[in-house]
Amino acid sequence: MTSTWAAPGRVNLIGEHVDYNDGLVLPFALPFVTTARVAARSDDAVKVASEDVGEAEFATTVSPGDVEEWVAYVAGIVWALRQRGTTLPGLDIALSSNVPLGAGLSSSASLTCSVASAINDECSLGFDARELADVSRIAENDFVGVPTGTMDQLASMLCQSEHLLLLDCRSMETRLIPFAPSASGLTLLLIDSQARHSLVGSEYGDRRRDCEAAADALGVGSLRDATLDQASSLPDDRLRRRASHVVSEIDRVQRVAAVLDTGSPADIGTYLTSSHESMRDDFEISCEELDVLVDAALSGGALGARMTGGGFGGCAVVLCRKGDVESVTSRVQSAYDERGWEQPMVWTPEPAQGAHRIN
Ligand code: GLA
């Protein structure tokens, strides 16, 4: 038998760097997927063939440190499933992906979630979507060694087409919110700044530590439990600004969800822009390219714009009226031209389906 599953990359409309602070996030699945075709073997070899990056082989008993680079994401799933007490046979795994790499669109979560879903199905392991998201996060955190929060894998597993996923990262409750900007005469642009700053790994860990230190200083379990007044009272300037971002960002997610519930998506623009300002000034995770992109989009008539994802490069989301798409994109392109930067990629993605079986 073979089992083939596709799992998407994601973009977060709003709620950045709050998932590991027990906060609320609002991602949707992109129409870009990694597809994993898995077949059980009669020995204990795992043979992986990727259309894009080549071939690799390891044993089902693989441990952290045994393999590197992209293979580690696949081996991490085999390892994390075994940590859960499963016995796996050898596997043939064939991969293909059209998720843009390095653009902050969770190509890695789409890879781990597709592989976890296909192995779960092929080997009748019986894990549900949330458990598979957890297996995928553990593979990234403990096998690959990337300290992600909970958002990317849950988004890849649980998102639904035409909806945003409001995810409470403390209770793990989810609510689907219909999101079809075009029905309101709007367009949501996803623009890849083309910036790829290597800072992202170490800075991400630094931000997590700052948030923990701020929560400790305030005597709360996590910044989810802090108020803006409390955050503003922190004597340490850096921790004060980090905490202010997290507390205000969680509030913005709630406001955006409430606005969308009343069916007036144009009104979320202002929250998108204030989210960007908060990440630029207080959380300090933006970069010149993203700031230029966001400013140019706003000066071209966008209703709101913000960087999205971990920061230091990657993509921005821009909300504008359909009639303003031309002026917004041409303003961004001119700003890039003036600086001699490579032109940004522009997509207009509609919310797509989370992980799903193919045939
Ligand atoms: C990365 C992490 C996520 C989340 C975002 C920021 O994508 O993998 O868990 O923390 O950054 O919101």
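User: How many salt bridges are there between domain 1 and domain 2?
Analyst: In this predicted model, the count between domain 1 and domain 2 is four salt bridges.

User: And what about polar contacts between domain 1 and domain 2?
Analyst: There are 21 residue pairs in polar contact between domain 1 and domain 2, with both residues at pLDDT 80 or more.

User: Which elements of domain 1 give two or more residues to the side that touches domain 2?
Analyst: Those elements are β1 (2-12), β2 (24-25), β3 (27-40), β7 (163-168) and β8 (174-178).

User: What classes of residue are found on that side of domain 1?
Analyst: The side of domain 1 that touches domain 2 has 20 nonpolar residues, eight polar residues and seven charged residues.

User: Going back a step, where do the domains lie in the chain?
Analyst: Domain 1 covers residues 2-179, and domain 2 covers residues 181-347. Their centres, taken over C-alpha atoms, are separated by 25 Å.

User: How many residues are in contact across the two domains?
Analyst: On the side of domain 1, 35 residues are in contact with 40 residues of domain 2.

User: What area is buried between them?
Analyst: About 3,000 Å² is buried between domain 1 and domain 2, and carbon and sulfur atoms give 66% of this area.

User: Which residues of domain 1 lose the most area to domain 2?
Analyst: They are Ile 14, Glu 16 and His 17, which together account for 21% of what the domain 1 side buries.

User: How far is the polar backbone atom of His 17 from an oxygen atom of the ligand?
Analyst: The distance for His 17 is 2.7 Å. Side chains take part as well: a polar side-chain atom of Arg 10 lies 2.9 Å from a ligand oxygen atom, and one of Asp 152 lies 2.6 Å from a ligand oxygen atom.

User: Back to salt bridges, how many does the structure hold?
Analyst: The structure holds 24 salt bridges. One of them joins the side chains of Asp 261 and Arg 175, at 3.0 Å from N to O. Another joins the side chains of Asp 134 and Arg 137, at 2.8 Å from N to O.

User: Where do Asp 134 and Arg 137 lie?
Analyst: Both are in helix α3 (residues 129-144), three residues apart, which is about one turn of the helix.

Notes:
Residues are numbered from 1 along each chain as its sequence is written. This is a predicted model: local features need pLDDT of at least 70, side-chain atom pairs count only at pLDDT 80 or more; totals for chains, interfaces and linings use all residues. Side-chain values use heavy atoms; hydrogens and water are left out. Domain bounds come from an automatic or database domain assignment. Contact means heavy atoms within 4.5 Å. Buried area is the accessible area (1.4 Å probe) that two parts lose on being put together, summed over both. A polar contact is a pair of N or O atoms within 3.5 Å; within protein, one must be able to donate a hydrogen and the other to accept it, and residues adjacent in sequence count only if both atoms are side-chain atoms. Helices (H or I, at least four residues) and strands (E, at least two) are DSSP runs, numbered from the N terminus. Ala, Val, Leu, Ile, Met, Phe, Trp, Tyr, Cys and Pro count as nonpolar, Asp, Glu, Lys and Arg as charged, and the others, Gly among them, as polar.
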